[in-house]
Amino acid sequence: MSPGLSPAALRSLGQFLIQSPSLALATCDAAGRSEMVRAAAARITPAGKLRILVPLPEGARSLANIEATGRVALTAAIVSTYRTLQVKGSGALLVPWPEQAEVARESLLGLSAQLTNVGMPRELHFRLWSGRQQAIELTPSELYEQTPGPGAGLAVSG
Amino acid sequence: MTAPLFSDLPAELFEGVLPAALASAAADQAPNATWLSQVWRVDSGHVALSCQFFRKTRSNLGQNPVALLLLTHPRTVEQWRLLVRYSRSETTGTLFDTMARRIATVSAAENESVFALRSADIFEVLEVEKLVIEPDLSEPGVADRGAVMARKPAGISALLRLSESIAASKQLSGLLESGLSVLGSHFGYDSVSLYLLERSEGILYALASRGFPQSGVGARIPLGVGIIGSCAQHRLPIRIADLARERRYDRAVVEQAARAKGGEREIALPALEQAASALAVPLVLRGSLFGVLAAESREILAFDEQDEQLLATAGQLLAQGVALHEEDDSEPEAPPLPVSLPTTRGVLRLRYYEADDSVFVDDEYLIKGIPGRILWLIVSLRETEHRSTFQNRELRLHPLLKLPTFKDNLEARLLMLQRRLEEKSIGLRLRREDRGRLHVECNLQISIEVTPAG
């Protein structure tokens with residue numbers, strides 16, 4: 001089991017996630033079948049945990065996988081710059097997130113501003129995922145650079 | 001509910017406008033997620049992914065070949081999941097070449113080796129699922145408008161109108177003017193440009209354009225350079241659905257943008273500022289490359305597969321029309337007009353550089369290459385032989401021009417030169433009232449200088 005990310009890596013990741021990247025969450029069932037869904041938002045909590053909002057109904061199988069294995073991989077790409085990070089973790093649990101509506105809206109509006117800048121009509125941004133969402137929380141243990149280029153795939157240390 | 005068939009999925013899913021995402025898993029069920037620049041539909045049961053940067057994904061597929069693709073429709077943001085099984089990697093062949101060309105054209109950056117296609121990874125599609133998404137549309141200004149990016153219809157009637165306009169044109173200039181106009185009015189292609197290949201130079205020249213801030217007539221772009229040059233070199237259409245997205249990687253777009261600005265000895269290409277979509281189709285006549293017809297738009301996803309076919313067909317009609325005008329060699333005999341005397345006291349200073357056949361007017365770049373050589377010849381003949389009328393036939397045969405004996409595109413070159421002179425308004429004009437003849441008009445005294453090569 002990985003001990004988790006360094007404080008510097010956690011800070012980096014936290015700052016990155018509040019820039020409203022486009023998020024895709026990968027999970028896997030016990031038989032090794034992969035699953036993927038767009039996530040609505042992700043944040044690093046003060047305790048250093050990673051919280052992700054999984055939309056429903058399209059994320060139902062992802063949540064089932066999380067309950068079965070606890071393992072996730074989240075890729076996050078800033079639309080305007082293509083900077084991309086992938087974070088992986090384990091021990092994921094379904095949790096309540098009292099502020100999730102605010103976080104979801106903040107994240108969606110941030111992404112919407114970027115998508116508007118690249119020419120996508122605003123009306124489409126609000127159809128990328130469902131309004132109903134379930135929060136999960138996990139310990140982030142691995143962080144990788146995924147921006148296209150020579151550094152893609154390298155671990156981010158901090 | 002019946003599961004959708006892979007073969008029924010919309011073509012736009014494979015345009016690469018909204019990145020796809022791939023989930024894979026290792027043997028120990030550790031998941032991995034990555035965004036993909038583009039997914040190719042190979043046939044009714046397979047997709048191909050470009051293996052450019054996949055490290056962990058490749059490792060996972062070696063352990064567990066079943067992965068999941070998430071595709072998003074760029075016009076509606078409807079989403080589909082494709083359960084896929086890794087089948088094989090191809091490093092040669094038609095598919096690999098097609099993908100490699102696409103990446104060479106619209107990808108790469110500082111270090112090409114990093115971005116070069118290593119293989120085309122083929123996956124069998126096992127299952128297709130359309131996601132049920134229940135969006136919250138309570139945000140102000142977000143009404144339920146369905147597919148908000150609707151396509152415009154165009155088709156046979158537009159092609160018929162183009163064909164009629166070409167048939168009715170008696171002169172090459174009229175053919176180009178009406179032809180490009182119909183592309184705007186009946187096809188919805190408001191910004192179009194037509195390039196002709198100058199085989200002896202390996203260069204494409206902008207012959208005509210419509211709907212750009214600058215006409216760019218006479219602008220040059222080498223084969224293999226930029227979107228236009230790559231389209232010509234590979235004789236394949238190039239369609240870029242979202243230039244803004246691809247610009248991050250995009251050598252071709254960067255090159256094209258640089259060319260659009262022009263330079264000391266280059267005319268700026270016809271180009272839209274903030275273009276979002278581009279489409280270029282090769283024009284081939286009698287098995288040989290003839291030129292390129294290109295369209296740009298400020299909208300993302302402005303061009304789809306139908307546009308590609310439509311523009312290619314329209315381009316062939318235009319190319320055949322241009323070629324017909326070249327072949328019509330009827331040149332009426334008429335007495336040459338004498339050189340008119342200067343009516344003003346000004347002097348037009350022309351400098352000709354033998355090295356690249358460039359012509360400068362009062363130290364300002366005018367044109368180069370074969371059009372530059374033609375201009376130099378007729379101005380020199382005007383000064384030495386004191387006549388202002390020239391027959392196409394004599395130009396074709398003149399040793400200084402070194403035109404090919406077959407398919408010299410002289411008409412097109414003269415038209416390009418005529419338009420360039422009109423745009424520059426330097427007091428020197430070409431008038432072409434009869435087929436096969438041109439008149440040089442200049443009310444200034446002409447001073448000519450030559451800078452020898454070397």
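Predicted model: local features only at pLDDT ≥ 70, side-chain atom pairs only at ≥ 80, totals over all residues.
I started with a facing pair: B:Leu428 sits opposite B:Cys442, the latter in strand 19 of chain B.

I then looked up how strand 18 of chain B is tied to strand 19 (residues 437-442) of chain B; four bridges join them, and they run antiparallel. Zooming out, I found an open sheet of three strands in chain B, with the order 17-19-18 and antiparallel pairing. Which strands stand at the edges? Strand 17 (389-391) and strand 18 (428-431) of chain B do; each has a single partner strand, so one side of each is left without a neighbour in the sheet.

Helix 10 (residues 370-385) of chain B does, touching strand 17, strand 18 and strand 19 of chain B. Its direction makes about 70 degrees with that of strand 19 of chain B. Helix 12 (residues 410-424) of chain B packs on the sheet too, with contacts to strand 18 and strand 19 of chain B. I got about 140 degrees between the direction of helix 12 and that of strand 18 of chain B.

**Salt bridges**

Over all chains, the structure holds 28 salt bridges. I picked out a few.

B:Arg429 and B:Glu441 meet through their side chains in a salt bridge, 3.0 Å from N to O. This pair links distant parts of the chain, from strand 18 to strand 19 of chain B, 12 residues apart. Buried or exposed? B:Arg429 has 40% relative accessibility, so I logged it as partly exposed. B:Glu441 has a relative accessible area of 23% and is also partly exposed.

B:Arg387 forms a salt bridge with B:Glu394, with the closest N and O atoms 2.7 Å apart. How does the burial of this pair look? B:Arg387 counts as buried because its relative accessibility is 19%, and the cut-off for buried is under 20%. B:Glu394, at 26%, is partly exposed.

The last pair I looked up was B:Arg81 with A:Glu35, a side-chain salt bridge of 2.8 Å, N to O. It crosses between chains, from strand 6 (residues 79-90) of chain B to strand 2 (residues 34-39) of chain A. B:Arg81 and A:Glu35 are both buried. I followed the shared partners from there: A:Glu35, A:Arg61, B:Arg81 and B:Glu129 are joined by salt bridges into one network.

Technical notes
Residues numbered from 1 in each chain as written. Chains lettered and ligands numbered in written order. Heavy atoms only, no water. Pairing = 2+ DSSP bridges. Helix = DSSP H or I, 4+ residues; strand = E, 2+ residues; numbered from the N terminus. Contact = heavy atoms within 4.5 Å. Axes fitted to C-alpha atoms, helices over the stretch in contact; angles between N-to-C directions. Salt bridge = Lys/Arg side-chain N within 4 Å of Asp/Glu carboxyl O. Buried < 20%, exposed > 50% of the residue type's maximum accessible area, 1.4 Å probe, protein only.
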